[in-house]
Amino acid sequence: MARRLARPVGITATGQHYPERVVTNDDLSAIMDTSDEWIRPRTGIGSRRWVEPGQGASDLAVPALQMALDRRGMKAEELEVIIIATVTPDTLFPATACRVQQRIGATNAFGFDLSAACSGFLYALTTGAGLIASGAYSRVAVVGVDVMSSIINMEDRTTAVLFGDGAGAVILEQVEEGFGILDFEHRINGEGGCFLYMPAGARPSPPPARPWRPRSTSFTRRAPMSSSGQSGRWRRAAASCWTATASPARS
Ligand SMILES: CC(C)(COP(=O)(O)OP(=O)(O)OC[C@H]1O[C@@H](n2cnc3c(N)ncnc32)[C@H](O)[C@@H]1OP(=O)(O)O)[C@@H](O)C(=O)NCCC(=O)NCCS
C-alpha cells in the first residue's frame, strides 16, 4: 500500500563525495579469481572507489553533506536533524551522526544512524520526510554512506566485486503541493538475512558455512544467492539457516 506524507516534503539540495582511489576490475583480477569479462556484463561495474586505510564513513559523509548545504545556501547551524544511513558506521556508538554533527558544526541538530543496508537511504529519506511532515521539524539532512571496502570478504568473489565506498547527502524541506515525495512503499523480508550478514553485533555469531577465517567485521554469505531468489530451494535454505543459527537465551 502506497503511503503519503501529510505535507509535501522534497529534496532541496544534494551533495556527494567518494574516495580518490579507483579499483578497476583488472585490479581485482590481480588479487582474486575473477575478470573484467565476468564482472562487467553481469553487473555493469567497470570500477569502484575504495577509501585509503584509516578513512571511515564520517570522512565521506561530512564533505557530502557540506556540499549539499553549500548548494542550498544553508548554514550547518540551521539543520535540525541528521540521519545517517549506513551499515559501516565509524563506531557502533556513538552514532556516526554524532561525528558528522560535531565536525560540520550542526549545533542545533539531533541525529541518529539508520541501519538497513541497500535500503538504508530510502528508509532514511522517508523517515526524515516524515519528521518534517509531522510539523515538528523543517530542515533535515539525510546521508547515505558506506565504506564497504572495510568489510568485504575478499574470499567471496561473488560479493567482493560488487561493493565500493561513497556518500550521498540530501537536504529535505517542505515544498509546494504536488512536488517532492509523492508516495512510497516499504517492506522488509527477513528470510534472507542469514545469507549475507555482518557479525559485529552483541548476538553470538553463527559459524561461517565456508572454511575461511573472518575478520571480526567481515561480512559473509552462508549459501549461494541466486537471481531467482524466491525459489523453493532458497526458501527451504533460509528456513533451515535461521534454525541452525538460533542461539540459546543467555543466562
Ligand atoms: C552477481 C550475481 C547476480 C551474478 O549471478 P550469476 O550470473 O547467476 O552468477 P552466479 O553467482 O550464479 O555464479 C556463476 C558462476 O560464476 C562464478 N563466479 C561468481 N562470481 C564470480 C566472479 N566475481 N568472477 C568470476 N566468476 C565468478 C561462480 O563461482 C559460478 O561458477 P560455477 O558455475 O563454476 O560454480 C550473483 O553472483 C550474486 O547474486 N551475487 C551476490 C549478490 C549480492 O550479494 N547481493 C546483495 C547485495 S546487497
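1. A word to start with: a residue is called buried when its relative accessible area is under 20%. With that in hand, look at strand S7 (residues 165-174), where seven of the ten residues are buried, leaving the strand mostly covered. Keep in mind as you read that this is a predicted model.

2. Now for the overall picture. The protein chain has seven helices and nine strands. Of its 251 residues, 39% are buried. Take the contacts between residues at least 6 apart in sequence: 78% of these join residues at least 24 apart.

3. S7 belongs to an open sheet of five strands, with mixed pairing and the order S1-S7-S6-S4-S5. Which strands stand at the edges? They are S1 and S5; each has a single partner strand, so one side of each has no neighbour in the sheet. Going from one strand to the next, the twist averages 20 degrees.

4. Have a look at the partners of S7. Strand S1 (residues 9-17) runs antiparallel to S7, and eight bridges join the two. Here you can find Thr-14 opposite Val-170 of S7. S6 also runs antiparallel to S7, again with eight bridges. Two spots to check on that side are Ala-141, which faces Ile-171 in S7, and Val-143, which stands opposite Ala-169 in S7.

5. H3 lies across S1, S6 and S7, and its direction makes an angle of about 130 degrees with S1. H5 lies across S1, strand S4 (81-85), S5, S6 and S7, at about 20 degrees to S7.

6. H3 (residues 57-72) also meets another helix. Its axis and that of helix H4 (residues 96-104) come within 9 Å and cross at roughly 50 degrees.

7. Is Tyr-123 buried or exposed? Its relative accessible area is 18%, so Tyr-123 counts as buried. Leaving out residues up to four places away in sequence, Tyr-123 touches Leu-114, Ala-116, His-186, Arg-187 and Ile-188. His-186 is 63 residues from Tyr-123 along the chain, yet their C-alpha atoms are separated by 7.7 Å.

8. Last, the aromatic rings. There are two aromatic pairs. In one of them, the ring centres of Phe-110 and Tyr-137 are 5.5 Å apart and the planes stand at 45 degrees, so this pair is tilted. Phe-110 sits in strand S5 (residues 110-114), and Tyr-137 in the loop between helix H5 (120-133) and strand S6 (140-147), so the pair ties together parts 27 residues apart in sequence. Phe-110 is partly exposed at 35% relative accessibility, and Tyr-137 is partly exposed too, with a relative accessible area of 27%. Together with Phe-112, Phe-110 and Tyr-137 make up one aromatic cluster.

Methods:
Residues are numbered from 1 along each chain as its sequence is written. This is a predicted model: local features need pLDDT of at least 70, side-chain atom pairs count only at pLDDT 80 or more; totals for chains, interfaces and linings use all residues. Side-chain values use heavy atoms; hydrogens and water are left out. Rings of Phe, Tyr and Trp (its six-membered ring) pair if their centres lie within 6.5 Å; planes under 30 degrees apart count as stacked, over 60 as edge-to-face and the rest as tilted. Helices (H or I, at least four residues) and strands (E, at least two) are DSSP runs, numbered from the N terminus. Buried means under 20% relative accessible area, exposed over 50%, partly exposed in between (1.4 Å probe, protein chains only). Two strands pair if DSSP finds at least two bridges between them. Axes are lines fitted to C-alpha atoms, for helices over the stretch in contact, and angles run from 0 to 180 degrees between N-to-C directions. Contact means heavy atoms within 4.5 Å.
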